[in-house]
Amino acid sequence: MENTIESALKQAIQNALTVIGVPEESIPDIHLETPRDPSHGDASTSVAMQLARVLKKNPRAIAQEIVDSLETDPARVDAVEIAGPGFINFRYSNRYLFDELQSILQDKTTYGRTHSRKGQRILIEFVSANPTGPLTVGHGRNAVLGDTIARLLEWTGANVDREYYFNNAGRQMRLLGESLRARYLQELGETVDLPDDGYEGAYITDIAKNWLTEDGGQHRDANSITPFKERAETAIFEEIRATLRRMKIEMDSFFNEHTLYESGAIDRVVETFRKKGLAYDHDGAVWFKTTEFGKEKDTVLIKSSGEPTYRLPDIAYHADKLDRGYDLCIDIFGADHIDTYPDVLSGLKVLGYDPERVDVLVYQFVTLVKDGKPYKMSTRKANFVTLDELMDEVGEDVTRFFFLMRSPNTHLEFDVAKAKEAGDKNPVFYLQYAHARIHSILRKVEELGGLSGKPALERLTHPSEIALIKTLLAFPGAVELAAAHQEPHRLINYLNECASGFTSFYHDCRILLEDVELMQARGNLAAACAAVLANGLGILGISAPERM
RNA sequence: GCGCCCGUAGCUCAACUGGAUAGAGCAACUGCCUUCUAAGCAGUAGGUUCCAGGUUCGAGUCCUGGCGGGCGUACCA
């Protein structure tokens with residue numbers, strides 16, 4: 001990324017500022033942006049306006065001084081203009097655009113990859129649903145966000161591992177085992193009630209039925225619920241893994257909370273806290289002095305029953321992750337967990353870790369809209385929609401897309417009816433359609449002799465052609481931006497621009513022509529666009545079909 | 001009560017972290033298929049960016065105070 005035109009321009013501006021005698025300490029961070037309005041050029045900076053106050057001069061006059069001492073590469077930059085209140089606008093040369101287009105055509109499947117996170121090891125923990133039931137729509141946003149952010153980070157050069165953290169002990173799992181036993185016995189004709197607060201979902205009955213066909217009812221008189229718990233866990237985890245696979249999510253590891261008890265990691269955390277005077281006994285429980293870190297109340301680490309609350313293993317777990325040598329650990333949390341992570345960070349600080357190495361992405365809840373009405377869900381009650389059911393209805397691509405298309409920190413309305421309308425109302429098809437359309441044309445170009453290895457790209461002069469090239473060149477930056485913010489929807493916004501840029505080009509400029517040279521130039525532009533769309537959809541985990 | 005998030009077109013949401021005339025998609029209206037995929041394109045209409053102050057060359061974006069919604073505020077996860 002060192003030799004990009006942007007970095008060259010920044011350097012040139014920096015130099016010019018020094019030349020005109022701006023003291024080093026008042027030089028701001030030079031920021032280049034792409035103007036919304038194309039008539040304002042291809043890149044723009046507002047340094048002159050930022051300096052107006054320090055230098056006590058008219059911003060336009062400062063801009064003029066900067067431009068006068070600015071040395072830009074005439075092969076890449078056609079014009080430098082001052083506009084508005086003091087913006088300095090840069091216009092790129094066509095030659096630059098064609099050179100860059102050529103490099104897209106060379107890189108194809110790797111175009112858009114950067115090295116900004118090269119050498120970084122990142123662990124991203126997500127989904128992390130306990131095995132008490134199938135994954136529901138509620139987990140979907142977490143799963144897809146986590147996986148897509150992982151893919152984004154991989155595209156910027158990082159080495160990313162995906163981990164699923166779970167707990168198969170405790171009250172919830174006990175209830176699950178008891179619920180399974182009840183169903184099992186019911187299937188054998190006994191009259192047994194589900195336990196209070198038991199799991200009512202039909203999947204429990206399915207597990208019971210399957211088991212019965214295997215074991216013939218030999219667990220009827222088992223006096224321990226352990227086999228029921230284990231059977232339920234295995235069956236449910238199998239289903240969860242299958243669902244994830246269907247969503248194109250491949251975990252690198254599953255981490256059982258229990259190992260933190262066995263290894264003594266939890267005890268060590270408490271010991272260290274005590275040694276530092278940040279843990280104490282009160283009312284039979286062990287407390288963490290979170291008031292030392294700005295909280296209103298201290299927090300219970302170990303209940304008077306002797307059972308730790310989930311915060312304690314959480315702290316030990318994060319320490320474990322950092323011990324494994326990751327530069328960065330990312331957690332994907334729903335908004336309901338928002339209150340827990342400050343404690344984890346405080347705990348890590350006490351243990352001597354740098355909390356900066358943990359990043360928490362909090363996303364807001366999903367409202368599922370069915371028949372125009374919001375649909376309330378709960379795993380324990382039977383009224384939930386599983387991810388599998390959702391994918392059965394709207395397909396895998398649409399499912400991933402809908403979870404990604406909004407900023408993580410706004411509420412997401414998932415309207416099943418809209419997602420199902422496999423037509424113009426569905427934005428995912430717009431991207432796939434543009435891609436398929438290009439391939440359809442390229443197949444025809446192939447019949448007419450194919451694309452030239454050395455296309456005459458300078459034949460591309462139509463405004464729609466130039467605009468499309470510029471959009472394609474923005475791809476690596478869009479990936480970088482989405483990765484930096486951990487917000488996949490930014491990439492979707494970009495891909496929409498890309499697809500609509502193509503369709504404008506498609507309508508303005510015919511590709512299949514007698515003029516073979518022009519056909520090849522345009523064909524190559526279309527091919528470059530297909531490559532960008534395919535790469536972008538790949539990052540989102542959405543297919544890029546060649547025919548529709 | 002306190003903490004976090006949100007409030008932008010009729011609806012669902014963007015807006016490159018402070019930039020130039022706030023943009024898309026649905027829905028509405030008007031055009032465009034003997035020519036490469038009409039799952040498309042071009043156009044019209046739609047806005048006091050919740051309200052009131054403040055910061056500055058410049059605010060949807062930052063600060064303060066309200067109003068409205070979501071989530072949390074457990075010896076539940």
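This is a predicted model: local features need pLDDT of at least 70, side-chain atom pairs count only at pLDDT 80 or more; totals for chains, interfaces and linings use all residues.
**Entry 1. Overall layout**

I began with the chain as a whole. Chain A holds 20 helices and 15 strands. Along the principal axes, its C-alpha atoms fill a box of roughly 85 × 65 × 40 Å. Of the 548 residues in chain A, 51% are buried. I then looked up the contacts between residues at least 6 apart in sequence, and 72% of them join residues at least 24 apart.

I also noted the domain division. Domain 1 covers 5–92 and domain 2 covers 425–540. The centres of domain 1 and domain 2, taken over C-alpha atoms, are separated by 31 Å.

**Entry 2. Helix H2**

I asked which residues of helix H2 are buried. In this helix, residues 47–55, they are Val47, Ala48, Leu51 and Ala52. Seen down the axis of H2, these buried residues fall within an arc of 150°, so they line one face of the helix. I next checked what covers them, and found helix H1 (5–19), strand S2 (43–45) and helix H3 (59–68) among the covering elements. Just after H2, I recorded a positive phi of about 55° at Lys56.

I turned to strand S6, residues 159–166, and asked how many of its eight residues are buried.

I then traced the pairing of S6. Strand S5 (residues 121–125) runs parallel to S6 and is joined to it by five bridges. Within this pair, Leu123 has Asp161 of S6 as its bridge partner. S5, helix H5 (residues 137–155) and S6 together make a β-α-β unit, which is right-handed.

S6 also pairs with strand S7 (residues 253–256), in the parallel sense and over four bridges. Here I located Phe166 opposite Asn256 in S7.

**Entry 3. The sheet S8-S9-S10**

I recorded an open sheet of three strands in the order S8-S9-S10, with antiparallel pairing. Strand S8 (279–282) and strand S10 (299–302) are the edge strands, each pairing on one side only. From one strand to the next, the twist averages 45°.

I followed the bridges in turn. S8 and S9 run antiparallel and are joined by four bridges; Tyr280 has Trp287 as its bridge partner in S9. S8 and S9 form a hairpin with two residues between them, and Asp283 in the turn has a positive phi of about 55°. Strand S9 (residues 285–288) is joined to S10 by three bridges, again running antiparallel. The bridge partner of Phe288 in S10 is Thr299.

Are the faces of S9 covered or uncovered? Both are covered: Ala285 and Trp287 are buried on one side, and Val286 and Phe288 are buried on the other. I set beside this the general rule that in a regular strand the side chains alternate between the two faces of the sheet.

**Entry 4. The sheet S14-S13-S15**

I found an open sheet of three strands in the order S14-S13-S15, with mixed pairing. Strand S14 (373–375) and strand S15 (412–415) stand at the edges with a single partner strand each, so one side of each is left without a neighbour in the sheet. The twist averages 40° from one strand to the next.

Strand S13 (residues 366–370) pairs with S15 in the parallel sense over four bridges. I looked up the partner of Thr367 in S15, and it is Glu413. Helix H14 (residues 396–404) lies across S13 and S15, and it runs at about 155° to S15.

**Entry 5. Met391**

Last, I examined one residue, Met391, which lies in helix H13 (residues 387–394). Its relative accessible area is 2%, so it is buried. Which residues does Met391 touch, not counting residues up to four places away in sequence? I listed Thr243, Arg246, Met247, Glu396 and Thr399. I also checked the position of Val137, 254 residues apart from Met391 along the chain, and the C-alpha atoms of Met391 and Val137 are separated by 9.9 Å.

Technical notes: Residues are numbered from 1 along each chain as its sequence is written. Chains are lettered from A and ligands numbered from 1 in the order in which they are written. Side-chain values use heavy atoms; hydrogens and water are left out. Two strands pair if DSSP finds at least two bridges between them. Axes are lines fitted to C-alpha atoms, for helices over the stretch in contact, and angles run from 0 to 180 degrees between N-to-C directions. Contact means heavy atoms within 4.5 Å. Domain bounds come from an automatic or database domain assignment. Buried means under 20% relative accessible area, exposed over 50%, partly exposed in between (1.4 Å probe, protein chains only). The arc is that of the directions from the helix axis to the C-beta atoms. A crossover is right-handed if, with the strands pointing away from the viewer, the path from the first strand over the helix to the second runs clockwise.
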